Amino acid sequence: MFPSWLHALSIASLALGFACAAVAIVDLRRHPPHMAIMGVVWPATALFAGPAVLWLYFRYGRLNTHAAMMHAKHSGAEPPAGVCRAVADTRKDKKASPRAGSMSGTPFPIKVAKGALHCGSGCVLGDIIAEWLLFLMPAVAVWFGWHTLFGDKMYAAWTLDYILAFLFGIAFQYFTIKPMRDLSPAEGLVASLKADTLSLTAWQIGMYGFMAFAQFYLFGQLLGHRAEADTPEFWFVMQIAMVCGFATSYPVNWWLVRAGLKEAM
């Protein structure tokens, strides 16, 4: 059994994450984003970063509503979040992103944060699906190396986590980059791989690092047993692990945007 205070804290943290995701979903339905994929990104990342993601969404994400972008387009005004201008500037000058950010009212560090969350949303969905799938169907872990490549089931889970997160991340990036740059399907896929492979890998490294610390030391040694996917404690530490993933992914996203490999958002 886990300490009662940890159990209560875990439930409270998860409830806050779900509440923030629900708020984001309701507002996104009322104010659809110009990039439809952001309708998934904001609620997914609110599950682990709650109030911080909501603040970012209401302060900067709302600048990119479809209605606001269409109004700017028809009136000939600067797009409210500078998305189109940022793309144009990136093509002309790979170091133009900070200037685009200042023109649009969205600081460059915020654009990087949004790009990191865009990547992280794929990780969130991939990890949720993978962890529950392996908990409900342990035999799946054998397919991904348990008892052959890995003596510990957790490493097989991480393998599936990465594969699903990678697939979600590339798909999310594809449906962002392809229309923004007007690319062919093949060009869009290549650009998505360039934009998200390093970012997603950096995110997973930070996430795996904290999960290993939590499972092997905090739970395994200090408390005597690990947390399973059907416990609030597991998902509470996963929330913290996702924040760690954001931290390790952020500098990589900064470089990717600066280099013109990833769109400023």
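Visitor: Why is Phe-234 called buried?

Guide: In this predicted model, Phe-234 has a relative accessibility of 4%, and since buried means under 20%, Phe-234 counts as buried. Its place is in helix H10, which covers residues 232-258.

Visitor: Which residues does Phe-234 touch, once those up to four places away in sequence are not counted?

Guide: Phe-234 touches Glu-131, Met-211, Gln-215, Ala-227, Glu-228 and Ala-229, where a contact requires heavy atoms within 4.5 Å. For one of these, Met-211, the C-alpha atom is separated from that of Phe-234 by 9.1 Å, although the two residues are 23 residues apart along the chain.

Visitor: How do H9 and H10 pack, and at what angle?

Guide: Helix H9, residues 185-223, packs with H10 at an angle of about 145°, and their axes are 7 Å apart. The contact of H9 with H10 has 20 nonpolar, 7 polar and 2 charged residues, and H9 passes H10 in a right-handed crossing.

Visitor: What makes Ser-121 count as buried?

Guide: The relative accessibility of Ser-121 is 0%, and because the label buried applies under 20%, Ser-121 counts as buried. Ser-121 has its place in helix H6, residues 108-136.

Visitor: And which residues are in contact with Ser-121, leaving aside its neighbours within four places in sequence?

Guide: With those neighbours left aside, Val-41, Ala-44, Thr-45 and Phe-172 are in contact with Ser-121.

Terms used: Residues are numbered from 1 along each chain as its sequence is written. This is a predicted model: local features need pLDDT of at least 70, side-chain atom pairs count only at pLDDT 80 or more; totals for chains, interfaces and linings use all residues. Side-chain values use heavy atoms; hydrogens and water are left out. Helices (H or I, at least four residues) and strands (E, at least two) are DSSP runs, numbered from the N terminus. Buried means under 20% relative accessible area, exposed over 50%, partly exposed in between (1.4 Å probe, protein chains only). Axes are lines fitted to C-alpha atoms, for helices over the stretch in contact, and angles run from 0 to 180 degrees between N-to-C directions. A crossing is left-handed if the near helix is turned anticlockwise from the far one by less than a right angle, and right-handed if clockwise. Ala, Val, Leu, Ile, Met, Phe, Trp, Tyr, Cys and Pro count as nonpolar, Asp, Glu, Lys and Arg as charged, and the others, Gly among them, as polar.
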